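Student: Let us go through this model by question and answer. Please give the cut-offs as the terms come up.

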Amino acid sequence: MSGTSSAHPRVAVTRTGLPGDGVGRLATRFDVTAWPGTAPPTPAELAGLAQGCEGLLVLGADRVDAALLDAAGPGLRVVALASMGYDSVDVAAAVQRGVVVTHTPDVLADTTADVAMALILIARRRLPAGVDAMRRGAWGAFRMDAFLGLDVHGATLGLIGYGRIARAVARRAAGFGMRVQHHHPRRKEDDRLSRWAPFDELLRTSDVLSVHTPLTEETKGMIGAAELALMKPTATLVNTGRGGVVDEDALLVALRRGELHSAGLDVMTDEPRTDPSDPLFHEPHLVVLPHVGSATEATRAAMVDLAARNVAAVLDGRPAPTPIPGTPGLPGRRRVADRTV
Ligand code: DGY
C-alpha cells in the first residue's frame, strides 16, 4: 500500500488500519495509499492525499466538497463512504463532475438500532443516576422513591423517518411491548410494525421519540423549541440519526424546565465534542454517547468491506452496489462549462 507510481488505478483511503480486509483486498488490485497519520487528515492533507486518485474511500467525518473533488483531479471516478450518512459529501458537486458517490446502507441498521434501543432504555429509566451513585458509594438504603424512571413497556414509540434503522428499532420495540408509530413525508402507509402519523400528532402522542432521518436542508433543526413544546413532559427524545436535526440548545432548555423527561444523543452538531465542560455532558437527564451507533467490530468491518466493493466495482467498470439514492452507479460524462466532453 504505497503511493509509488504504478499502472494500476490509484485509490486513496483516508485512514490507516481500517477494520476488516476490504482495504487489503483493494490493495491486491489497485495502487492504494492510506493516510499515514494517526489523526484524521486536515482538508489540505486530504486534498494532497486525493490528488491524482481514481477512487477515494472516506469516512463520514471527512468533508468531501467541490474543492476536494477538484483537488483529486479529472481522473476521479468514485467516492466511497464507509458510512450510511452522506451529509459530509457535496453529492451534487460530485455528480456534476461525473463522480459516483456510494454509501453503506443495510450493513449497520441492526447495530445502530441496538444503540437506539439502549438509549431509550437508559434515558427513560434514568439508569446513569444509578451508575453514578454506585461509583460514588452513594447507593444508600433501599428507598421506594429512589432512582425512579418511566416504563418503556406500554409506551408509544414515535419514529421520525422510517428507513432501515427505524424499522429495525420498530422490531425491537415490539419485543419490549411498545406501540409504534412513525412519520415519513412520503411513506405514508401503515405496516404490521407501525402506523403512519402526521408529524405534529407524532410529537404530541409519543412517549418516546426516536430520530432516524438524514441531515438535509429540510431536516436541519427539525426538532427545535416549537416541536419540543408539543411533546409530552413525560417524553424521552433519542437521536441516533444526525446531529443538527435536533436543536441541542432548545433540548437543554426543555430538560431544565422539566418540559421533557429525558433524552439520549449518540450524535451531535459539531462532532467531535471534546470540551469536558460541554453542558450536554452534564445535564442530569441527558445521556450522550460519542457517535457509536455502528461501533461493533463486525459492523465496522462490513462498512469498510462494502465501501471497498463499491470502489472496486466502479474502477472495474461495473455499477456500484450501493450508490447514494437517486444518483448514478456508473461514472458520468464530465461537464466542462456548458460542454459535455
Ligand atoms: C453512518 O454510517 O452514517 C454512521 O453515522 C457512521 O458515520
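Student: Over how many bridges do strand S4 and S5 pair?

Tutor: The model is predicted: local features need pLDDT of at least 70 and side-chain atom pairs count only at pLDDT 80 or more, while totals for chains, interfaces and linings use all residues. Residues are numbered from 1 along each chain as its sequence is written, and side-chain values use heavy atoms, with hydrogens and water left out. Strands (E, at least two residues) and helices (H or I, at least four) are DSSP runs numbered from the N terminus, and two strands pair if DSSP finds at least two bridges between them. Strand S4 covers residues 78–81, and its parallel pairing with S5 runs over 3 bridges.

Student: Which residue in S5 stands opposite Val-79?

Tutor: S4 and S5 pair in the parallel sense. The residue of S5 that stands opposite Val-79 is Val-101.

Student: Which strands stand at the edges of the sheet of 5 strands, and why is one side of each left without a neighbour?

Tutor: This open sheet has parallel pairing and the order S2-S1-S3-S4-S5. Each edge strand has a single partner strand, so one side of it has no neighbour in the sheet; the two are S2 (31–34) and S5 (100–102).

Student: At about what angle to S4 does helix H11 run?

Tutor: Axes are lines fitted to C-alpha atoms, for helices over the stretch in contact (heavy atoms within 4.5 Å). Angles run from 0 to 180 degrees between N-to-C directions. Helix H11 (residues 297–315) lies across S1, S3, S4 and S5, and its angle to S4 is about 165°.

Student: Which strands does H5 touch, and what angle does its direction make with that of S11?

Tutor: The sheet here is open, with 7 strands in the order S8-S7-S6-S9-S10-S11-S12 and parallel pairing. Within this sheet, strand S10 (residues 236–239) pairs with S11 over 4 bridges, and Thr-236 has Ser-262 as its bridge partner in S11. H5 packs on the sheet and touches S6 (156–160), S9 (208–211), S10, S11 and S12; the angle with S11 is about 150°.

Student: Which peptide bond is cis, and what is its omega?

Tutor: Most peptide bonds are trans. Pro-272 is found in the loop between strand S11 (262–265) and strand S12 (286–288). The bond from Glu-271 to Pro-272 is cis, with omega near -5°.

Student: What is the phi of Arg-126?

Tutor: Most residues other than glycine have a negative phi. Arg-126 is found in the loop between helix H5 (109–124) and helix H6 (127–135). Although Arg-126 is not a glycine, its phi is positive, at about 50°.

Student: Which residues are around the ligand?

Tutor: A residue is near a molecule if one of its heavy atoms lies within 4 Å of it. The residues around the ligand are Ser-83, Met-84, Gly-85, Leu-108, Arg-242, His-291 and Met-303.

Student: How far is an oxygen atom of the ligand from an N or O atom in the side chain of Arg-242?

Tutor: A backbone N or O atom of Gly-85 lies 2.7 Å from an oxygen atom of the ligand. For an N or O atom in the side chain of Ser-83, the distance to a ligand oxygen is 3.4 Å. For the side chain of Arg-242, it is 2.8 Å.

Methods
Polar contact = N/O pair within 3.5 Å; in protein donor to acceptor, adjacent residues only side chain to side chain.
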